[in-house]
Amino acid sequence: MRPDLLRAAAMVARKDLTIEFRTKTAFFAASAFTLLAIVIFFFAWDPTAVSAIDLAPGVLWVIFTFSGLLGLQRSFNVEHADRAMDALLAAPIARESIYLGKAAANLVFVLAVQVLAIPAVALFYNAPMGHAAGGLALIAVLAAIGLVAVGTLFSSIASNTRLAELLLPVVVLPFFVPIVMAAAQSTGRIMAGRPLAESASWLQLLAGYDLVFAAACMLAFPYTLEE
Amino acid sequence: MTAPMTRQAPPSRRVFDWMLLLAIAAVVATYVRAIVFTPVERLQGPAQKIFYIHAPSAWVAFLAFGVVAFAGAMYLWLKDERLDRIAESSAEVGVIFTTGVLLTGPMWGKPVWGTWWTWDARLTLTLFLWFVYVGYLVMRGALDDRAQRARFSAVLGILGSLLIPFIHLSVYLFRTLHPEPIVLKPSAPSLPGEMLTTLLIAFLSFTLLYLALVRARYRLGVLRDHAALAEEE
């Protein structure tokens, strides 16, 4: 990978993160949504039939994808105000840099929400996660990379359509299925105190997904922009 | 940015679609053979006859989505609008056949497995395939610019085909009820000869039906464009 590609990507990411840091709208919205969803999910089951600790992994990763959608939606919508996208496209940088930069900013966003969500699940579902912190962090990073790789590309596509907010979940959620399955299954295992090696095939699946889709989506991204 | 419409020879006025008619006749003939001339399976009884719709529909569904991905990739390379129309037609026909698989599956599963639905690996995979390509069609409907729609669709078609192995792998890590493939084992096909012949005929007639439907849908797209063009003029 060329160094100028990465340097330009870092600039795009910094721009997006600066906007987010100064306004904090999306982060607060996504955090509030995440906490709300975690609480609501708790009351959707009979606590005498299913113990909260069994629910925790599923709840965590389903909410992860939905709150991720909130951040992804915004990623390209901000560029439509004042036609900022035109300026971005006119900039003397490779289009892959735009993708990488946007994806990096989204990754920071998604992980920041997750840093809040994991302790919240541990607290509300009375599910001690301290012993599994390392494994959980690994799963979170692997899952977030896959989510962001695919989500950034489809955010660009969806923001150009008439349906916009409605289209993104319809198109992208099937792509999140392997991520949610792998993350929830392996989280369930390590929370039960089983060794990380037992989840090796799920983690390999996640890593393979990240590699394939990060590469494919970066190659495909230029085709989603005006030519 | 609207790409200029490709000027093609105006399609023939005849509504008669000989290929579609032939395909329907072939499917009907397949069924006559399957129901009347093929032995009834000993354990499953007449329920097993649904096999001759279910399996060939599944084959056509995979074929159709393969064509969507391939035509999409070729479109990104050659930028030929006809390729996009092939992809669109194939996706629509593929969704119909996938729906067929998902409807016949429970009908067969109830008497044989004793349940309408089970989260079996291949069942789940088919369901998610259906979701991906319904999303594909929804996205196409939300785009007006032809060139943009073609590019976005190509990207989604290609990524959809990359997703299939991952969904397959993830649902496979859950245990499965589905029979292992019993047909494409040339060394020792475990299906009795009579049934195997009927099944292979069903595969052929369904493939013909797929081709005929894609062709009909393709021509409909061309006609629609001509109508839109005539309205503008």
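1. Fold of chain B. Chain B of this predicted model contains six helices and zero strands. Read from the N terminus, its elements follow the order α-α-α-α-α-α. Of the 233 residues in chain B, 36% are buried. Among the contacts in chain B that link residues at least 6 apart in sequence, 79% are between residues at least 24 apart.

2. Confidence. The model has an ipTM of 0.88 and a pTM of 0.85. For chain B the mean pLDDT is 83, with 86% of residues at 70 or more. Within chain B, confidence is highest in helix H2 (residues 51-78), at a mean of 92, and lowest in helix H1 (residues 18-37), at 87.

3. Contact between the chains. Chain A and chain B each bring 24 residues to the contact. On the side of chain A that touches chain B, the elements giving two or more residues are helix H7 (167-191) and H8 of chain A. H7(A) gives the most to that side, with nine residues. By class, the side of chain A that touches chain B comprises 18 nonpolar, four polar and two charged residues.

4. Largest nonpolar core. This core has 127 residues, and the members that touch the most others are A:Leu60, A:Val121, A:Ala143, A:Val150 and B:Ala64. Helix H6 (residues 133-158) of chain A gives the most to the core, with 15 residues. As general background, nonpolar side chains tend to be buried together in soluble globular proteins. Beyond its neighbours within four places in sequence, A:Val150 is in contact with A:Val172, A:Phe175, A:Phe213 and A:Cys217.

5. Geometry of helix H2 of chain A. This helix covers residues 25-42, and its 18 residues should span 26 Å at 1.5 Å a residue.

6. Which residues of H2(A) are buried? They are A:Ala26, A:Ala30, A:Thr34, A:Ile38 and A:Phe41. These residues lie on the same side of H2(A) because they cover an arc of only 95 degrees around the axis. Their packing partners are helix H1 (3-23), helix H3 (52-80) and helix H5 (95-124) of chain A. The face turned away from the buried side carries the exposed residues A:Thr25, A:Phe28, A:Ala32, A:Leu36, A:Val39 and A:Ile40.

7. Position of A:Val78. A:Val78 belongs to helix H3 of chain A. Is A:Val78 buried or partly exposed? A:Val78 has 17 C-beta neighbours inside 10 Å and therefore counts as partly exposed, since a residue is buried only if 20 or more other C-beta atoms lie within 10 Å and exposed if 12 or fewer do. A:Val78 and A:Ser159 are 81 residues apart along the chain, and their C-alpha atoms are separated by 9.7 Å.

8. Position of A:Ser201. A:Ser201 is located in helix H8 (residues 200-220) of chain A. With 15 other C-beta atoms within 10 Å, A:Ser201 is partly exposed. A:Ser201 and A:Ser186 are 15 residues apart in sequence, and the distance between their C-alpha atoms is 9.2 Å.

Notes. Residues numbered from 1 in each chain as written. Chains lettered and ligands numbered in written order. Predicted model: local features only at pLDDT ≥ 70, side-chain atom pairs only at ≥ 80, totals over all residues. Helix = DSSP H or I, 4+ residues; strand = E, 2+ residues; numbered from the N terminus. Expected span 1.5 Å × (residues − 1). Arc of directions from axis to C-beta. Contact = placed C-beta atoms within 7 Å. pLDDT = per-residue confidence, 0-100. Nonpolar A, V, L, I, M, F, W, Y, C, P; charged D, E, K, R; others polar. Core = buried A, V, L, I, M, F, W, Y, C linked by C-beta atoms within 7 Å.
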